[in-house]
Amino acid sequence: MRFDVVINGGRVLDGTGAPPYRADVAVADGKIAAIGRLGGAGAETVIDATGRFVAPGFVDCHAHGDAAVFDPAVQRAALRQGVTTFVLGQDGLSFAPGSAATVAYASRYFAAVNGPLDGPLAADGPLTVGELLGGYDRAVALNTAYLLPHGTIRYDVMGPSPEPPSRDHLAAMLGHVERGLSEGAVGLSTGLEYLPGRYATAEELAALCAPLGGLPYVTHMRAYGPQAGVGMTEVIDIAERSGAAVHVSHLHGPADVLLPLVEEALGKGVDLTFDTYPYLRGNTILAMVVLPGSVPGAETDRALEMIASDELDGWWPTLDAVWPRLTVSHAPGMEWAEGLTIVAAAERDGSAPAEFCRRLLTETRLEAGVVSARPDEGPEGEESVRRMLRHPSHTGGSDGIYVGGHPHPRGFGAFARFLGRHVRELSDWTWEQAVVHLASHPARRFGLTDRGLVRGGFAADVVVFDPAAVGDRATYEAPRTLAAGVDDVLVSGVRVLAGGELTGATPGRALRP
């Protein structure tokens, strides 16, 4: 037989949890056609995988590549970690579905997270989920899957209103959910610390979860860390009201607090999974970190009026302990501050940290982003990360943000760090367990039933990596440094990474469940 691609001499990690075994893998027509000792099977492309593992492509369960995925540099950064699929539409905010005003709102409010709408999607009009997926399909080297963003839907129906939805409002939101699912969304996401998602009740969210039909409710909860019990109680309430499966985004904090909450939910019959990234710092919008809930961040002009006035004079001194933990990641028009802590940037600016922060928010019109160190950094924090990722309900997610001159390194290193540090160095997983957590488990979670395994008839998303060399190289000081050890990747049977470089092929599919 003659194939499109044959990968010879590698050890296959098939995604089932079985130990690696020696086999060749042949690909034809975008699918895995044969696995075994294939001898001299002919192929247009032959990849020598001697001394390397052959695994299914990894699914990044939490990526903010909604706009950035069109950037070849971002595609290369993901593929160099073995990531072949981004799950987008995270934290309840993205570009569809909605009117032109809603698209503009989502672009503006989450500009420091998702970036500006660009590439084939750049438009001034309304956008449906089907149109969004059509813009991704075969336009990039990665696959994309999309979650319906609750905050975007709520804004499209109710604007920035904090009020509970009326019956008509709820019906309109349900209509968005049902249409989005019919057009190919893989679940519903919320961001309950962002706007307008913050205003939603468990009752509202449970109603919107009703049509999911086994697809997950994916949530940035209302509280994390030591207060995660608040968020998890609501998660359980929503799941019990709706019957929905639940996936908790970036579940970080003390394992002694979080793991009993996970077990409590599982014990109550909740179908629950969660993702984590292997770092101790976060990355988000500066305004969310430093402004009190009384400031309407969804209404930029009003928020800026409050920042400029004396309304918050009593608030700024409460943040004195916070300033040293914040490093500017994105500051359009003030790029000189990117990579500096708020304290260091204020010193260079000749101002106090609070005053500099007010200026940063004002001049960027709330678009500034920050990398935020958490109080639990250190050995105890890393031990919690390790315990969380060892839980069988865990899946991998980078929470990668690619906006700004100095983003968090997780978008450029998380999956390689899972492999290099947590498998090879710390033995938190075996290699076969790693592939379950990073490929097959998340593929099943989002209904991608033909991905996540090296198995005959499955889509040929295949990663070849060197177990002795794979690892992250991105740091907080140099966050855009590419990972090492992954040099050859196929997406839908097409070689997209060869020798660690993009081939220029764009076979990435917009995946539907």
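**Entry 1. Starting point**

I am working from a predicted model. I began with the helices. Two packed helices are described by the angle between their axes and the distance between the axes. I looked up both for each pair below.

**Entry 2. α6 against α7**

I took helix α6, residues 202-209, and looked at how α7 meets it. Their axes come within 8 Å and cross at roughly 45°. The two helices are therefore oblique to each other. I noted the crossing of α6 and α7 as right-handed.

Next I listed the residues in contact. From α6 come A202, E203, L205, A206 and C209. From α7 come E234, D237, I238, R241 and S242. I sorted this contact by class and got 5 nonpolar, 1 polar and 4 charged residues.

**Entry 3. α7 against α8**

I moved along to helix α7 (residues 228-242) and helix α8 (residues 255-267). How far apart are their axes? I found 10 Å, with a packing angle of about 10°. Angles under 35 degrees count as roughly parallel, and α7 and α8 are therefore roughly parallel to each other. The crossing of α7 with α8 is right-handed.

On the α7 side I wrote down A228, G229, M232 and I236. They meet L258, L261, V262, E264 and A265 of α8. By class, I have 7 nonpolar, 1 polar and 1 charged residue in the contact of α7 with α8.

**Entry 4. α8 against α13**

I then followed α8 to α13. Their axes are 9 Å apart, and the angle is about 20°. That makes α8 roughly parallel to α13. Which hand does the crossing of α8 and α13 have? I noted it as right-handed.

The α8 residues here are A255, D256, L258 and L259. Their partners in α13 are S384, R387 and M388. The contact of α8 with α13 has 4 nonpolar, 1 polar and 2 charged residues. I see that L258 of α8 is listed against α13, and L258 is also listed against α7.

I asked how many cavities of 30 Å³ or more the structure holds. A search of the whole structure gave 1. About 50 Å³ of space lies in the largest cavity.

Its lining has 11 residues. H252, G253, S384, V385 and M388 lie nearest the centre of the cavity. Which helix gives the most to this lining? It is α13, residues 379-389, with 4 residues. I counted the cavity lining by class as 4 nonpolar, 5 polar and 2 charged. S384 and M388 were already in my list of α13 residues that meet α8.

**Entry 5. The largest pocket**

I turned to the open spaces. The largest pocket holds about 970 Å³ of space. I found 35 residues along its lining. E193, Y224, M288, S372 and R374 lie nearest its centre.

I checked which elements contribute. β17 (281-285), α9 (286-290) and β19 (369-373) each supply at least two lining residues. β17 gives the most, with 3 residues. By class, the lining of the largest pocket has 15 nonpolar, 11 polar and 9 charged residues.

**Entry 6. The second largest pocket**

The second largest pocket has a volume of about 160 Å³. I noted 14 lining residues, the closest to its centre being Y109, L195, A287, M288 and G297. α2 (100-109) and α9 are the elements that give two or more residues to this lining. I sorted the lining of the second largest pocket into 9 nonpolar, 2 polar and 3 charged residues.

**Entry 7. Backbone spots**

Last, I checked the backbone. Most residues other than glycine have a negative phi, and most peptide bonds are trans.

I found a cis peptide bond from A96 to P97, with omega near 5°. P97 sits in the loop between β10 (83-88) and α2. I found another cis peptide bond joining L195 and P196, with omega about 0°. P196 belongs to the loop between β13 (188-191) and α6.

What is the phi of R365? It is near 50°, a positive value in a residue other than glycine. I placed R365 in the loop between α12 (353-363) and β19.

Key
Residues are numbered from 1 along each chain as its sequence is written. This is a predicted model: local features need pLDDT of at least 70, side-chain atom pairs count only at pLDDT 80 or more; totals for chains, interfaces and linings use all residues. Side-chain values use heavy atoms; hydrogens and water are left out. On a 1 Å grid over the protein atoms alone, a cavity is a set of points where a 1.4 Å probe fits but cannot get out, and a pocket is an open set with protein on both sides within 12 Å along at least five of seven lines; lining residues have an atom within 4 Å of a point. Grid points are joined across faces, edges and corners, and a volume is the space filled by probe spheres set on the points. Ala, Val, Leu, Ile, Met, Phe, Trp, Tyr, Cys and Pro count as nonpolar, Asp, Glu, Lys and Arg as charged, and the others, Gly among them, as polar. Axes are lines fitted to C-alpha atoms, for helices over the stretch in contact, and angles run from 0 to 180 degrees between N-to-C directions. Angles under 35 degrees count as roughly parallel, over 145 as roughly antiparallel, 65 to 115 as roughly perpendicular and the rest as oblique. A crossing is left-handed if the near helix is turned anticlockwise from the far one by less than a right angle, and right-handed if clockwise. Contact means heavy atoms within 4.5 Å.
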